[in-house]
Amino acid sequence: MKLNIAYPALGSQKSVDIEDERKLRIFYDKRMATEVNADALGDEFKGYVFKITGGNDKQGFPMKQGVLRAGRASLLLSKGHSCYRPRRTGERKRKTVRGCIVGPDISALSLVVVKQGESSIPGLTDVNVPKRLGPKRASKIRKLFSLSKEDDVRKYVIRREITKEGKKPYTKAPKIQRLVTPLTLQRKRHRIAEKRKAAKASREAAADYAKLLAQRVKERKEKRAEVRKRLSSVRKSATA
């Protein structure tokens, strides 16, 4: 079985092939997200605690969290489910996935180091892999460089250099998200002014409608009163 071990603290990864079935028994019948003590794997893993994050069986079917079985299952998956990427809006598809319980049919198991042991593992805990990309959101750039709101965030964006054979090297930087500029403030003021204008117009329209309604009601009442008066005068003349 291949163990793909990740160490998020340093951003490093390492693959280890273990053929001894007795060593791998510590993972059997364990579910995804379970923490496992890795002492049985060997002396270099003494004191380490790994968390199971996923894996694939020998035919390549991925493990899916929530499928409580050690075999495969055919599920109807839609947008938002793991192990499936919809190609069209509203698309659903029946896909075969592997259950979340580890068994001997697993060929690759993904692990994450939760607790570091006594000795360092070469290529995993003794190397520091720098992040390829820096933060993109304005507030996160401020947090990274301890900036105040008066500082210009655009000067602190992490740029990366790109070199291509036969071409002059150049740098790329992400577009800063949620950046407050005079233009965004102007747009916000305009948006608020439009809302106020619309609210005022609706209030005035409601007042005009209420005034017109009251006038129509008054006219109807006057008309009814006039009809009644005419009828009463006709009755009086008829009796006389």
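Predicted model: local features only at pLDDT ≥ 70, side-chain atom pairs only at ≥ 80, totals over all residues.
This note comments on the nonpolar cores, the aromatic pairs and one surface patch of the structure.

1. The largest nonpolar core holds 28 residues. Those that touch the most other members are Leu3, Ile5, Phe27, Leu41, Phe50 and Leu109. Strand S1 (2-7), strand S4 (49-57) and strand S7 (106-115) are the elements that give two or more residues to this core. The most comes from S7, with 4 residues. As general background, nonpolar side chains tend to be buried together in soluble globular proteins.

2. When neighbours within four places in sequence are left aside, leucine 3 is in contact with Lys14, Ser15, Val16, Ile18, Phe27, Leu41, Leu109 and Leu111. Of these contacts, Phe27, Leu41 and Leu109 are also named among the residues that touch the most other core members.

3. Another core lies apart from the largest one and has 5 residues. Among them are Ala138, Ile141, Val153 and Ile176.

4. The whole structure contains 3 aromatic pairs. One of them joins tyrosine 48 and phenylalanine 50, with 6.2 Å from centre to centre and 40° between the planes, a tilted arrangement. Both tyrosine 48 and phenylalanine 50 are buried. Together with Phe45, these two residues form one aromatic cluster.

5. A further pair is made by phenylalanine 145 and tyrosine 156. Their ring centres are 5.6 Å apart and their planes stand at 45°, so this pair is tilted. Because phenylalanine 145 lies in helix H2 and tyrosine 156 in the loop between H2 and S8, the pair ties together parts that are 11 residues apart in sequence.

6. Isoleucine 158 is placed in the loop between helix H2 (138-145) and strand S8 (160-162). With a relative accessible area of 37%, isoleucine 158 is partly exposed.

Methods
Residues numbered from 1 in each chain as written. Heavy atoms only, no water. Buried < 20%, exposed > 50% of the residue type's maximum accessible area, 1.4 Å probe, protein only. Core = buried A, V, L, I, M, F, W, Y, C linked by side-chain atoms within 4.5 Å. Contact = heavy atoms within 4.5 Å. Phe/Tyr/Trp six-rings, centres within 6.5 Å; stacked < 30°, edge-to-face > 60°.
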